[in-house]
Amino acid sequence: MYRYALKVEYHGAPFVGWQRQVDLLSVQGTIEAALSKLERRTHNIAAAGRTDAGVHALGQIAHCDMDQEWDAFRLSEALNYHLKPHPIAITACAPAVGDFHARFSAHERRYLFRILSRRAPATHQDGLVWQVKHALDVDAMQRGADVLLGKHDFTTFRSTICQAESPVKTLDHLQISEVETAGGTEYHFDVRARSFLHNQVRSFVGTLERVGAGTWSPDDVKSALEARDRAACGPVCPPQGLYLAGVGYPQDPFSG
């Protein structure tokens, strides 16, 4: 078998999420169906992160195993042809080196969340941002975000259906910036860690948005974290503003 690393970009709106589900449209199932057009058998690909329904990707990383050796460019072109008309694109492809595994070799996942602040309905950004009608206090949100950095029990910010063995994770980076765009003011949340709990990022953003709106204080975030109780979490924000922005590996699978 020949293993290939794939960089995948997708618009999450039509999909039930990354993970294959019987009789439902998933990103994984759609790519596997495209692979079956190239080598007529059942394919089972793996990815760095299992994004939820409606969540997008700019740099999801997956790998596939092929019976025959392919030119990487030809493989990506063939996949993109068979992925049409679905909003999925293979933006890079390379032969995997050594024992590369898209999920288990990763040492960092990077997420971007976008909030759009404006009163008029979103048009070009509809489905790509979480829209709120009020301005947000970036400094207050950042003070709340700083409380979450480091190693903690994140039970408060973990979905009740999360299957992770432990709620303890290390959050390496959570930086919030205000960006003026032609469509209005956006607030970008850059979040990085080795791995995340189910709905952890959306729980962070929903809670911090309340801080930015003045309903919560940064100290309330600290109290929520220390409560280790899902009921102490702020609202979980909708999925459409969330992007899997990139994945880090000890060696970039596409650098060679």
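Author: A residue is called buried when its relative accessible area is under 20%, and in this predicted model buried residues make up 50% of the 256 residues in the protein chain.

Reader: What makes the radius of gyration of the protein chain agree with that of a compact globule?

Author: With 256 residues, a compact globule would have a radius of gyration near 18 Å, and because the protein chain has 19 Å, the two values agree. The C-alpha atoms fill a box of roughly 60 × 40 × 35 Å along the principal axes, and the chain that occupies this box has 5 helices and 10 strands.

Reader: How do you know what share of the contacts join residues at least 24 apart?

Author: A contact requires heavy atoms within 4.5 Å, and among such contacts between residues at least 6 apart in sequence, 72% join residues at least 24 apart.

Reader: Why is Ser203 called buried?

Author: The cut-off for buried is under 20% relative accessible area, and Ser203 is therefore called buried, since its relative accessible area is 0%. This residue is found in helix α4, and, leaving aside neighbours within four places in sequence, Ser203 is in contact with Phe157, Arg230, Cys233, Pro235 and Val236.

Reader: What makes the pairing of Ser203 with Arg230 a polar contact?

Author: A polar contact needs a pair of N or O atoms within 3.5 Å, one able to donate a hydrogen and the other to accept it, and the side chains of Ser203 and Arg230 make such a contact at 2.9 Å. By contrast, the C-alpha atoms of Ser203 and Ala72, which lie 131 residues apart along the chain, are separated by 38 Å.

Reader: Which residues of helix α3 are buried, and what do they pack against?

Author: Helix α3 covers residues 138–148, and its buried residues are Val138, Ala140, Met141, Gln142, Gly144, Ala145 and Leu148. These buried residues pack against the strands β7 (150–153), β8 (168–181) and β9 (184–193), as well as the helices α4 (200–213) and α5 (218–227). An α-helix has 3.6 residues a turn, so residues three or four places apart point the same way.

Reader: What is found at the start of α3, and what just after α3?

Author: At the start of α3, a side-chain oxygen of Asp137 reaches to within 3.1 Å of the backbone nitrogen of Asp139, whereas just after α3 Gly150 takes a positive phi of about 100°.

Reader: How far apart are the mean positions of the positive and negative charges?

Author: The protein chain has 27 positive and 29 negative charges, and their mean positions are 4 Å apart.

Technical notes:
Residues are numbered from 1 along each chain as its sequence is written. This is a predicted model: local features need pLDDT of at least 70, side-chain atom pairs count only at pLDDT 80 or more; totals for chains, interfaces and linings use all residues. Side-chain values use heavy atoms; hydrogens and water are left out. Helices (H or I, at least four residues) and strands (E, at least two) are DSSP runs, numbered from the N terminus. The radius of gyration is taken over C-alpha atoms; the globule rule is 2.2 Å times the number of residues to the power 0.38. Buried means under 20% relative accessible area, exposed over 50%, partly exposed in between (1.4 Å probe, protein chains only). Lys and Arg count as positive and Asp and Glu as negative; His and the chain ends are not counted. The place of a charge is taken as NZ of Lys, CZ of Arg, CG of Asp or CD of Glu.
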